[in-house]
Amino acid sequence: TPGGGRAPNPHTPPPRGAPPRLARVVLRVVPENAAQVTELRSGGADLILSPRATDLADLAQRPGMRTLVRPSRKYVFIGWNGKRPPFRDPRVRRALALALDRERMLRALRAGYGTLATGPIAPDHWAHDPALAPLPFAPDSARALLAAAGYCDRDGDGTVEDAAGRPLRFEMLFAARNDFNRDAAELIRAQLAAVGVQAVPRFLDFAALIGLISSPERRFDAVFMSFESDFKLDLREQFHSAEIDGPFQLASYRNPEVDRLLDSTAVITDRARALPLWHRLERILLAEQPWAVLWYAPDLYAARTRLQGLDMDVRGTFVNLPRWHIEEATTPAAAATTPATAR
């Protein structure tokens with residue numbers, strides 16, 4: 001959160017506008033959601049990024065605080081590792097996606113803040129197909145697809161097995177030290193268990209998690225995380241087979257038609273010509289589910305009312321940072337303090 005006693009830099013170049021209204025901004029990393037809220041309520045922070053949606057209503061009612069909801073380019077997804085046998089079959093990936101009650105997850109995890117997703121192209125992007133509907137919550141269809149892929153409950157224990165009797169059991173990675181992820185893990189575990197699939201959550205430090213999913217060896221089964229898309233639409237790094245060993249092609253996904261569509265859209269500058277190609281690509285990704293994109297997530301913030309000028313938009317949190325300012329009477333002692341932004 002902003003503060004500090006030093007004067008703004010008077011030599012700010014004209015193309016960047018007037019000098020910033022804050023002397024400095026201190027960013028602090030506070031991993032635990034509850035600790036972030038404590039920092040805000042105690043005055044140790046003036047702004048927290050991505051508070052739990054379930055905390056927003058309470059924070060909005062507290063004197064001296066307010067909450068903000070802003071559009072973003074983020075979506076939440078589960079990436080399936082196509083190098084592992086169960087996830088090579090698109091029927092299995094689609095079945096797992098159909099088994100997830102994403103509306104319930106949105107209500108429980110984000111108090112309804114979000115929109116069910118059809119894929120990695122956001123609904124407000126020009127390339128998105130508005131006729132495309134998100135996958136429904138359809139556990140019966142999920143069971144049927146699993147059976148078609150060879151996974152049935154062969155011994156009556158409630159878990160589906162392959163023809164050799166091996167249960168469909170896998171680990172799903174989550175970033176540790178995060179209440180939201182812990183709750184998401186339990187919902188996903190329970191919903192997949194209802195169709196006979198054992199998803200075992202594994203919580204890792206974020207750096208270790210990224211190392212596992214981005215290495216060419218892909219030493220993981222599935223991962224739950226969020227992704228922020230660029231303004232320029234480019235899905236090559238995530239889904240083109242030429243990027244199979246790259247850090248973002250974590251699904252190890254191969255589809256020759258997807259490759260051709262990505263190659264074509266990369267060189268076509270006419271939107272009218274590119275649009276049907278993007279629509280075709282969206283439909284393939286929705287059908288085959290290399291990533292189960294669950295929902296599009298707006299950015300959530302909570303701030304002390306003394307911090308003014310906040311005007312985030314889809315470009316990001318700090319897009320108008322030079323205009324942020326503190327509005328309150330301060331003593332010299334108070335002006336010398338520098339609280340922080342918790343995220």
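Colleague: Is Phe170 buried or exposed?
Modeller: In this predicted model, Phe170 counts as buried, since its relative accessibility is 2%, and the cut-off for buried is under 20%.

Colleague: Which ring does Phe170 pair with, and what kind of pair is that?
Modeller: The structure holds 14 aromatic pairs. In one of them the ring centres of Phe87 and Phe170 are 5.1 Å apart and their planes stand at 85°, so this pair is edge-to-face.

Colleague: Where in the chain do those two sit?
Modeller: Phe87 belongs to helix H3 (residues 85–88) and Phe170 to strand S7 (residues 169–175), so the pair links distant parts of the chain, 83 residues apart. Phe87 is buried as well, with a relative accessible area of 1%.

Colleague: What about Phe227 and Trp291?
Modeller: They also form an edge-to-face aromatic pair, with 5.8 Å from centre to centre and 65° between the planes. Phe227 lies in strand S9 (residues 222–228) and Trp291 in strand S10 (residues 291–304), 64 residues apart, and Trp291 is buried at a relative accessible area of 3%.

Colleague: Which cluster do ring pairs build there?
Modeller: Ring pairs join Phe227 and Trp291 with Tyr75, Phe77, Phe239, Phe248 and Tyr253 in a cluster.

Colleague: Changing topic, which residues of helix H1 are buried?
Modeller: In H1, which spans residues 33–42, the buried residues are Asn33, Gln36, Val37 and Leu40. Because they cover an arc of only 95° around the axis, they lie on the same side of H1.

Colleague: And what comes just after H1?
Modeller: Just after that helix comes Gly43, which takes a positive phi of about 90°.

Methods. Residues are numbered from 1 along each chain as its sequence is written. This is a predicted model: local features need pLDDT of at least 70, side-chain atom pairs count only at pLDDT 80 or more; totals for chains, interfaces and linings use all residues. Side-chain values use heavy atoms; hydrogens and water are left out. Buried means under 20% relative accessible area, exposed over 50%, partly exposed in between (1.4 Å probe, protein chains only). Helices (H or I, at least four residues) and strands (E, at least two) are DSSP runs, numbered from the N terminus. The arc is that of the directions from the helix axis to the C-beta atoms. Rings of Phe, Tyr and Trp (its six-membered ring) pair if their centres lie within 6.5 Å; planes under 30 degrees apart count as stacked, over 60 as edge-to-face and the rest as tilted.
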